[in-house]
Amino acid sequence: MDADRLRAVVVRAYRVMAYVTGTMLIILCFVGIPLQVFAGNDAVAKIVGTAHGFLYIVYLVVAFTMTRMVRIRTASLTTVIVLAAGTIPVLTFVVERWVTRRYINPALAADQAGTARAAVSHSQ
Amino acid sequence: MLFTPRWLSWHLFAVAAFAGMMWLGDWQFRRAVAGNTLSWAYTFEWPVFAVFGAVFWVKTVRDELRPARPVERAKVVLPAGAGAGEGASAADDTPTPGADADADEGENDVALAEYNAYLAMLNKEVKGHGQWHGLR
């Protein structure tokens with residue numbers, strides 16, 4: 001698999017994990033914790049909380065790989081925000097949109113420009 | 001480079017975070033042993049987070065030490081015979097005395113300059129994509 005395709009796959013995996021982790025976190029914070037605190041029923045919080053914990057590990061790995069593939073500096077606030085977004089309700093969705101517009105789309109566009117250029121030089 | 005106050009505080013934070021997450025793992029282990037079943041999950045989660053933090057720290061340090069990767073550039077392969085064609089056209093362009101030819105050349109220069117400026121703009125646009133231009 002070449003680098004461009006690998007990047008597209010990692011970007012897709014990041015999106016999936018961002019949405020899954022974000023959804024889990026919203027259920028945990030807006031359903032599980034209120035049930036636990038106000039109704040004394042901690043079943044939802046236990047199950048969803050544990051699920052989110054393990055999903056967040058996967059999210060961390062995928063999101064970190066993605067930041068490196070779209071050339072976001074490792075030692076940057078952007079990377080920290082992307083990784084931390086998985087622990088803050090709703091932020092995952094906002095950050096996913098922002099990173100897509102600001103970093104992922106330009107990186108994918110550069111790939112396509114490179115492919116187009118290669119095609120032109122081959123056809124000549 | 002790695003010993004500026006900014007980096008020193010980052011190293012310190014990395015060590016503290018690693019130790020803190022390992023301690024949390026140990027705390028969850030003690031709770032798990034005491035009978036809290038849910039803590040078994042966290043007993044394994046915290047060390048994983050700690051290791052991830054360590055990997056993250058190593059990557060930042062390695063990025064800092066390694067010079068910026070050169071921008072990947074698609075190799076432009078000139079088709080065979082392009083050089084010869086250029087030579088021939090250059091020979092054709094040899095200025096012939098006369099007002100007509102001079103005027104022609106002036107027009108060509110403007111068109112060429114415009115075209116070069118357009119190419120430079122396109123190049124700049126493509127080069128800017130996918131590069132770091134954000135918060136540091």
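In which hand, right-handed or left-handed, does α2(A) pass α3(A)? The tour below leads to the answer, and it concerns a predicted model.

**Chain A as a whole**

Begin by selecting chain A and colouring it by secondary structure. The chain contains four helices and zero strands, in the order α-α-α-α along the sequence. Of its 124 residues, 37% are buried. Among contacts between residues at least 6 apart in sequence, 67% join residues at least 24 apart.

**The pair α2(A) and α3(A)**

Next, display α2(A) and α3(A) together. Here the opening question is settled: α2(A) passes α3(A) in a right-handed crossing. The contact draws on A:Tyr56, A:Tyr59, A:Leu60, A:Ala63, A:Phe64, A:Met66 and A:Thr67 from α2(A), and on A:Thr79, A:Val82, A:Leu83 and A:Ala84 from α3(A). The two axes lie 9 Å apart, at an angle of about 155°. Angles over 145 degrees count as roughly antiparallel, and α2(A) and α3(A) are therefore described in that way.

**A:Thr79**

Within α3 of chain A, which spans residues 77–84, select A:Thr79. Its relative accessible area is 0%, so A:Thr79 is buried. A polar atom of the A:Thr79 side chain lies 2.6 Å from the backbone oxygen of A:Arg73. Leaving aside residues up to four places away in sequence, A:Thr79 touches A:Phe64, A:Thr67, A:Ile72, A:Arg73, A:Thr74 and, from chain B, B:Phe56.

**The largest nonpolar core**

Now show the side chains of the largest nonpolar core, which has 28 residues. The members that touch the most other members are A:Tyr14, A:Tyr59, A:Met66, A:Val70, A:Val82 and A:Val99. Two or more residues come from each of α1 (3–38), α2 (43–69), α3 and α4 (91–123) of chain A, and from α2 (39–65) of chain B. The largest share, eight residues, is supplied by α2(A).

Centre the view on A:Tyr59. Not counting residues up to four places away in sequence, A:Tyr59 touches A:Tyr14, A:Met17, A:Ala18, A:Thr21, A:Phe64, A:Val82, A:Leu83, A:Ala85, A:Gly86 and A:Thr92.

**Across to chain B**

**Two loop residues**

Finish with the loops of chain A. Select A:Arg71, which lies between α2 and α3. A:Arg71 is not a glycine, yet has a positive phi of about 60°. Its relative accessible area of 25% makes A:Arg71 partly exposed.

Then move to A:Val90, in the loop between α3 and α4. A:Val90 also has a positive phi, of about 70°, although it is not a glycine. At 40% relative accessibility, A:Val90 is partly exposed.

Notes. Residues are numbered from 1 along each chain as its sequence is written. Chains are lettered from A and ligands numbered from 1 in the order in which they are written. This is a predicted model: local features need pLDDT of at least 70, side-chain atom pairs count only at pLDDT 80 or more; totals for chains, interfaces and linings use all residues. Side-chain values use heavy atoms; hydrogens and water are left out. Buried means under 20% relative accessible area, exposed over 50%, partly exposed in between (1.4 Å probe, protein chains only). A polar contact is a pair of N or O atoms within 3.5 Å; within protein, one must be able to donate a hydrogen and the other to accept it, and residues adjacent in sequence count only if both atoms are side-chain atoms. Contact means heavy atoms within 4.5 Å. A nonpolar core is a set of buried Ala, Val, Leu, Ile, Met, Phe, Trp, Tyr and Cys residues joined through side-chain atoms within 4.5 Å. Axes are lines fitted to C-alpha atoms, for helices over the stretch in contact, and angles run from 0 to 180 degrees between N-to-C directions. Angles under 35 degrees count as roughly parallel, over 145 as roughly antiparallel, 65 to 115 as roughly perpendicular and the rest as oblique. A crossing is left-handed if the near helix is turned anticlockwise from the far one by less than a right angle, and right-handed if clockwise.
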